Every structure is written in C-alpha cells, then in structure tokens.
Amino acid sequence: STQSTGPNLLNFPTKMNKVLALLLLALITIVFSLPPGEDWCISGNGIGICGSVRVAGAIDYVAWNNMQFINTYDHGRELQIAIVNASGECYNPTEAGSSNDGAGPTSSSKLLGISTAGNVYRTTSLPAFWLAPVSYTHLRAHETGRNL
C-alpha cells in the first residue's frame, strides 16, 4: 500500500470550485439582500449626501443646510459616473441606470457593494448603457433621414 505524504493535488480543483461557489453564493446573497428602499448617507458641516439601491448607489441626494440640489425624477439626473465616447449616448455606461428605467423603482445597473464610514461613501457597480445599441442605430437613422 502507498501512503500519501501531502495534499491530494488531483482533488485541489474540486475543493477550489467549492470555495469559489460558496464565495459567489455569498456575494449573490449580499447583492440581492440589499433592501430596495434603503438609503446610505454621510454628512458633515451642514452637507449631506445619500445614494440608494434604486439608482445602483449613484448619489441621489445632495443637501447643504437642508436645501436639496439633485432632481431624482428619473435615472439620468443623479450625481454619477457616465463614460462618454464618440458614440454619444450609446455605449456609455451610466451608474444610475438606463434611459429605459425612466422614473421606475429599480435600475438596470447592478449595485455590487456599498459602504459608508465617516465621511467616505463608496460603491461598486456594474453600470448599464444609457441607450441600448439598437436605440442608437435608430436615433442616427432618424437624424440622417435614412431607412433601416
């Protein structure tokens, strides 16, 4: 009979797959357990900022001495990242969500994590395109008078 003198390297991928699966499950549980109406806020010196799940963590409230400065009617008016390129409003990831989200209660962007500590507000998100690529094609065709 042979004796094993170390870890079974042939079993390593199986163990690693189980660990990765558990980590993925934990991440999914955290992401989907974020309450839909929850706001995260920081404040100091008369200034307050907040973000919410509704806009995937983008800042939807900025107030100075209780005067609110952000209109949150839809998903395009928040203080947020938006990557701009030569395609205009197409292919530009936008943190708060897409044009199709309208004034709705959810975002097509995905909030992966959010935390506040002291005067630090931190989010991790997967931004959605403001306009879907097909929307851009139709918009350009309309602007140039071409038929699709």
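Trainee: Why is the pairing of the Ser98 and Ser108 side chains called a polar contact?

Mentor: A polar contact is a pair of N or O atoms within 3.5 Å; within protein, one must be able to donate a hydrogen and the other to accept it, and residues adjacent in sequence count only if both atoms are side-chain atoms. The side chains of Ser98 and Ser108 come to 3.1 Å, so the distance is within the 3.5 Å limit. Before we go on, this is a predicted model, where local features need pLDDT of at least 70 and side-chain atom pairs count only at pLDDT 80 or more, while totals for chains, interfaces and linings use all residues. Residues are numbered from 1 along each chain as its sequence is written, and side-chain values use heavy atoms, with hydrogens and water left out.

Trainee: What makes Ser98 buried or exposed?

Mentor: Its relative accessible area decides: under 20% is buried, over 50% is exposed, and partly exposed lies in between (1.4 Å probe, protein chains only). Ser98 has 8%, so it is buried.

Trainee: Where does Ser98 lie, and which residues is it in contact with beyond its neighbours within four places in sequence?

Mentor: Ser98 lies in the loop between β5 (93-94) and β6 (110-117). Strands here are DSSP runs of E with at least two residues, helices are runs of H or I with at least four, and both are numbered from the N terminus. Contact means heavy atoms within 4.5 Å, and with those sequence neighbours left aside, Ser98 touches His75, Ser108, Ala128, Phe129 and Trp130.

Trainee: What separates the C-alpha atoms of Ser98 and Pro127?

Mentor: The two C-alpha atoms are 8.5 Å apart, for residues 29 places from each other along the chain. Pro127 sits in the loop between β7 (120-126) and β8 (128-129). Its relative accessible area is 25%, so Pro127 is partly exposed.

Trainee: How many salt bridges does a search of the whole structure find, and what makes a pair of side chains count as one?

Mentor: The search finds one. The rule asks for a side-chain nitrogen of Lys or Arg within 4 Å of a carboxyl oxygen of Asp or Glu. Side chains of opposite charge can pair when their charged atoms come close. Asp74 counts as buried at 18%, whereas Arg77 is partly exposed at 42%.

Trainee: Why is the link between Cys41 and Cys50 called a disulfide?

Mentor: A disulfide is a pair of cysteine sulfur atoms within 2.5 Å. The sulfur atoms of Cys41 and Cys50 are 2.0 Å apart, so they qualify. The count by this rule is one disulfide.

Trainee: What is the handedness of the disulfide between Cys41 and Cys50?

Mentor: The torsion about the S-S bond is about 110 degrees, so this disulfide is right-handed. Its two ends fall in separate classes: Cys41 is partly exposed at 40%, and Cys50 is buried at 9%.

Trainee: How many helices and strands does the chain have?

Mentor: There are two helices and eight strands, and from the N terminus they run α-β-β-β-β-β-β-β-β-α. Buried residues make up 28% of the 148 residues.
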